[in-house]
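Please keep the sequence and the structure in view.

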Amino acid sequence: VCFSAMGTSQTQEARNAAALAQLRSLAGDWEGTLEWTGARTGTGKMNATYYQTGNGSAVVENLTVNGVPSMTSVYHLDGADLRMTHYCDAQNQPRLKASQIDVAKGILNFEFVDATNLRSPDAPHVYGLEMRLLGADHITVTFLFEAGGKQSREFIDLKRVGRKASA
């Protein structure tokens, strides 16, 4: 049983490290669109910049809506876990943990752990994230958002800029 648990932990750690490596490959500039559905609706243009920090131990995602800096997320390992802290436009900082990773299919899902500066449980906040790495030059990011007990999805479709797209 002990060896089995160690093997599972090592497998999870390797999968999370591979997912962080995939996130590192996003370094550069991206552009695309956003669409809100659910309790909140709307569309717009989105730009993103990804870069490494902390000697490659973290990946920073800066999102800009219609030219205005909006949100920043930082992805990093915490032991065997892949974590993300989201510095939200709602002025709180949800912390999420990877709940599903399929490196081969480019699937990264995160679920809510807790948040700093969340004034109440009903205050607007991100409670989940679905990232799809569709190719070297195409990704989608969907923020799962809740406010006052009502849920929304912010779907972001991004393509890499500055080099010929391959996807």
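Q: In the hairpin of strand 2 and strand 3, which residue takes a positive phi?

A: Strands are DSSP runs of E with at least two residues, numbered from the N terminus. Gly54 takes a positive phi near 60 degrees, in a hairpin that has four residues between strand 2 and strand 3. This is a predicted model, in which local features need pLDDT of at least 70, side-chain atom pairs count only at pLDDT 80 or more, and totals for chains, interfaces and linings use all residues. Residues are numbered from 1 along each chain as its sequence is written, and side-chain values use heavy atoms, with hydrogens and water left out.

Q: How many bridges join strand 2 to strand 3, and how many join strand 1 to strand 2?

A: Two strands pair if DSSP finds at least two bridges between them. Strand 2 and strand 3 (residues 58-65) pair antiparallel over eight bridges, and Tyr51 stands opposite Val60 in strand 3. Strand 1 and strand 2 (residues 42-53) also run antiparallel, joined by nine bridges. Here Trp30 stands opposite Ala48 in strand 2, and a hairpin of three residues links strand 1 to strand 2.

Q: Is Met46 buried or exposed?

A: Buried means under 20% relative accessible area, exposed over 50%, and partly exposed in between (1.4 Å probe, protein chains only). Met46 lies in strand 2 and counts as buried because its relative accessibility is 0%. Contact means heavy atoms within 4.5 Å.

Q: Which residues touch the most other members of the largest nonpolar core?

A: A nonpolar core is a set of buried Ala, Val, Leu, Ile, Met, Phe, Trp, Tyr and Cys residues joined through side-chain atoms within 4.5 Å. The largest has 32 residues, and Leu23, Tyr50, Phe110, Met131 and Phe143 touch the most other members. Beyond neighbours within four places in sequence, the contacts of Tyr50 include Trp30, Val60, Met131 and Leu158.

Q: Which strands each supply at least two residues of the lining of the largest pocket?

A: Strand 1 (28-38), strand 4 (68-78) and strand 9 (138-147) each supply at least two lining residues.
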